[in-house]
Amino acid sequence: MALTRKDIEYIAHLARLEVHEDEIPAYTDKLGKIIGFIDALDAAETGDLLPMAHPLNMSQRLRPDVVTAADQRDVYQQNAAEKEGGLYIVPRVVE
Amino acid sequence: MAEQRHTLAEMARLLESGAISSRELTEASLARIEARDSELNAFITVTAETALAAADRADQQRAKGNAGPLTGIPIAQKDIFCTAGVATTCASRMLENFVSPYDATVVERLNAAGLISVGKTNMDEFAMGSSNETSYFGAVKNPWDPARSPGGSSGGSAAAVAAGLVPMATGTDTGGSVRQPAALCGITGFKPSYGRVSRYGMIAFASSLDQAGVLALTAEDAALITQLIAGFDERDSTCSDQPVPDYMAALASSVAGKKIGVPTEYFDGLDDNCAQAMHAAFDVYRQLGAEIIDVHLPNLPLAVPTYYVVSPAEASSNLSRFDGIRFGYRADGAEDIESLYKQTRSVGFGDEVKRRIMTGTYVLSAGYYDAYYLKAQKVRQLISNDMARCFEQVDIIAGPTTPTPAFRLGEKVDDPVQMYLNDIYTVSANLAGLPGISVPCGLVDGLPVGLQLIGPHFAEAAVLNFAHQYQLHSDWHKLLPGGTN
Amino acid sequence: MQWEVVIGLEVHAQLATHSKIFSGASTAYGAEPNTQADLVTLGYPGVLPVLNQEVVVMAAKFGLAVGATVAPRSVFARKNYFYPDLPKGYQISQYELPIVEHGHIDLTLEDGSVKRIGITRAHLEEDAGKSLHENMGGKTGIDLNRAGTPLLEIVSEPDMRSAKEAVNYMRRIHQIVRYLGISDGNMQEGSFRCDANVSVRPVGQQELGTRTEIKNLNSFRFVEKAINFEIERQIEVIEDGGKVVQETRLYDSDRDETRSMRGKEEANDYRYFPDPDLLPVEISAEFLESVKAAMPELPQAKAARFAAQYGLKSVDIEVLTAAQGTADYFEAVAAGCDAKLAANWVTGELGAALNRDGLDIAESRIGPAALIGLLKRIEDNTVSGKIAKDVFATMWDEGSDADAIINAKGLKQITDTGAIEAAVDRVIAENPEQVQQFREGKDKVLGFFVGQVMKATQGKANPGQVNQMLRDKLNS
């Protein structure tokens, strides 16, 4: 299926990626090829097979409700671009 | 050690006999990196100082008589594994300056066994690629021919081992990222079953497919390392608590009377020379008393399309955490939160990563989920069932690891689909969660090709056993890049 | 035109675990920013979620309490969207296969009839962090302490037909989670909040009107006010010839109005898919049995038992079973004295005192044993009910026990017939006019005599005895 400019813009926005005007042709071309390639799945006879979400045939393990993590804020925040008073700082978010 | 490669097992013997010290081994490794890596570009970070300090500690431990068998041997970690205090970049601008506050389980276990990391190896960005060309730090060169790709995504690890910089390096395999570069660099690459090795601390690409693996010179070395890294980890819900068998003990078993299944579909359109190399390998097994049987994987053509729906879908979500707020690259000067996200992610991620995020977002989006993602999950079951059916007949599946030997750098960058088709023989093992290994089995046009062996779930011991028995009766794994012995 | 209102609620109850739903970070409220944000909470590269056993137990308890199916297999999914207080860029929630389905709550309406409200589902998910805008110099600060706190989202059917019903339903859910001990239900701290889906349609119309969703209502009062405002607004829009737009709205309690969040949110394309880091949660029959065995008595069962065992009036039962603590307190008192007397005092004096001082029954200044001490003195006629109230007040203020106060203040009731008789005789002698009225058939005058005798004895005479003696003497 061919992808339109609108498709590219919509997906890019959902994924929070910036797509410049001059990148649109490359995206429509390459993503179009990829989508064309995966369209092969359409022909597969899957009948009433259940979807396989995971290769492991196990159930979820549960951990006891115990606090094990100590406060390491200062260590963890060393990787943050902007922080103040223990908070991570971002441009103003309007609610 | 300059022109000679030593296996882990050989190094362990040399250390134990006192013929060499850990410091000497580590210095030799660092010297090889110094001499070769400006050309190969296999490393993103080299930790010479900490490695030498660790080597001295290892020598002291050995002197006191409390060293393990592998204590003091230099190795390398793929730069996708978090290493406390050492940059972990995932070969991305996004994590160029990221220093993990913790060690991945694989790293923790190898450190605990006394192995010494000399650095972090180059890779495709976030492990997305089959050629190592998507790395923010530039492509790795194949030691057999610097104009060619070492494969990917664990290309740096494969090149480092092939060139004798280290005897072993870790890798990760989501769709073939351990086995394919091992094949293209003429070494051994082992991917255990999904759930056998903890994923904790391994930066996620596609969580239901990712598995840590080993790049080494021999199946025996792969067994030594797998023994250390396999087994339960309470920090990973998808890590199995099944006991880990003694892989070393299993290596010696005879393959006589065992059945090897060869999917006829593997040979549809395969390069003649590659096919010949495979048949020669099958003959070795016949001579060892194994039976070669035709089996069928009727849905093989669907494996790559399925993989390229499931893996980008998971990746698109896994990579959402890179938003410039808590860690990683952040774009300057964004006025509002939306711009912060978009500018950060557009600059921080490379083209292939962005393409996969876009593909993954698309196949999960409203209106397309059923047609792509859900359908791919059903086909995944179909492929998994096909594999299971084969294992009702045979002990192991054998065939080529890749359709061709190493391709030229730049040859496939413009056509993502051609690049993706490199994974045709490897992705099924990931989709089904099975263990697989690639061992060198010949040269085509002077370049190595790999024989791939795939076993049933949690049959690591059998896969390693088959590979080891082959290596006892072949010399391809001993060839140095260039084709000399 | 006559309008019918259709309301469904999504209640979010924070589960009262020690650690987060997927990691060992603390969930305690009020810590310094980000000191309870561990690697998993922060979504650091490479870390993975591992499910807290207690949240599964708590969800199963809730399911059992509302007569729902507790799913033998449920699945966590990722809900993908970008927001700064959502560290991973996705929220781990449950989508297609929730842990609880098909439950209900029976509401007693004002006319005494019972109405069943369906509970579509209840699913587990992780809470988000908090965005702070005040005093941030035009920026936003992110505190992720709350991120990863377990939530049970309880989704009702659109079965409610008025704001009052919606509040009634929400109170019942609140009561149940508190009884089960699975949530502290603290609305100020945001541990219990709800979103309301509201629509209107002409009476008799089958098809539902377009609904709006009012987000983040964190008090019963706001739920009622916001829904009522929204009903009025929608009716006005339609009657003015307009159309209700399907959208999310926020309730502004200062202005008592809801307003659109339009433009601030996306088309909701959350790209849900099963979280590959987590495996299906399987609940065995044995596990469910063990949860069942540990279930406390629930409000409705308790109410039925209180009626049968103690013969209490339904108004009292409602007050006594509203919270587990009140019911326990009552039963502790009823174990030591007459149950009806206990019920009167717990719902009456005690309730009023707690209310006045803003205390929870767990913080009561008079414990059950002390209250028994007082009520026993009513039963054995040591003090009258009226005097007992004074004693209670002193107990409340000073903390001493009933007997000590009665003795110290000389409040002991006069039961000595001679002393009472003397007072009765004196009152009869001093009021010939009233005696005449009584004898002419004005029974009401008896009250006057009782009052006079009580006054003469400073309230300490036994009222029953005074009554009997007066009748005997006046009729002779």
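The points that follow concern salt bridges, aromatic pairs and a charged surface patch.

1. The model is a predicted one, and side-chain atom pairs are counted in it only at pLDDT 80 or more. The remarks below should be read with that in mind.

2. C:Lys139 belongs to strand S10 (residues 139-143) of chain C, while A:Glu82 sits in the loop between helix H3 (73-76) and strand S2 (83-84) of chain A. With a relative accessible area of 32%, C:Lys139 is partly exposed. A:Glu82 is also partly exposed, its relative accessible area being 28%.

3. A salt bridge within chain C is formed by the side chains of C:Arg259 and C:Asp252, with 2.9 Å from N to O.

4. C:Lys473 makes a salt bridge with C:Asp425, and their closest N and O atoms are 3.1 Å apart. This pair links distant parts of the chain, as the two residues are 48 residues apart. C:Lys473 is in helix H16 (residues 463-475) of chain C, and C:Asp425 is in helix H13 (residues 417-430) of chain C. Both ends are partly exposed: the relative accessible area is 24% for C:Lys473 and 33% for C:Asp425.

5. Salt bridges may also be joined into a network. Which residues are linked in this way? The network consists of B:Arg199, C:Arg78, C:Asp275 and C:Asp277.

6. Turning to the aromatic side chains, a search of the whole structure finds 33 aromatic pairs over all chains. In the pair of B:Tyr136 and B:Phe137, the ring centres are 5.2 Å apart and the planes lie at 75 degrees, so the pair is edge-to-face; the angle required for that class is over 60 degrees. B:Tyr136 is partly exposed, at 38% relative accessibility. B:Phe137, at 27% relative accessibility, counts as partly exposed too.

7. A further edge-to-face pair is made by B:Tyr373 and C:Phe273, with 5.7 Å centre to centre and 70 degrees between the planes. It crosses between chains: B:Tyr373 lies in helix H13 (residues 369-393) of chain B, and C:Phe273 lies in strand S16 (residues 273-274) of chain C. B:Tyr373 and C:Phe273 are both buried.

8. Ring pairs also build a cluster. Its members are A:Tyr76, B:Phe98, B:Phe126, B:Phe322, B:Phe327, B:Phe349 and C:Tyr44.

9. The last point concerns the surface. Which residues gather in a patch of negative charge there? The patch is made of C:Glu232, C:Glu236, C:Glu239 and C:Asp240. One of them, C:Asp240, is placed in the loop between helix H4 (220-239) and strand S14 (248-252) of chain C. C:Asp240 counts as exposed because its relative accessibility is 63%, and the limit for an exposed residue is over 50%.

Terms used. Residues numbered from 1 in each chain as written. Chains lettered and ligands numbered in written order. Heavy atoms only, no water. Patch = residues over 30% accessible without salt bridge, like charges linked within 9 Å, V, L, I, M, F, W, Y side chains within 5 Å. Areas by Shrake-Rupley, 256 points an atom, 1.4 Å probe, with all protein chains shown as cover. Salt bridge = Lys/Arg side-chain N within 4 Å of Asp/Glu carboxyl O. Lys, Arg positive; Asp, Glu negative; His and termini not counted. Charge placed at Lys NZ, Arg CZ, Asp CG, Glu CD. Helix = DSSP H or I, 4+ residues; strand = E, 2+ residues; numbered from the N terminus. Buried < 20%, exposed > 50% of the residue type's maximum accessible area, 1.4 Å probe, protein only. Phe/Tyr/Trp six-rings, centres within 6.5 Å; stacked < 30°, edge-to-face > 60°.
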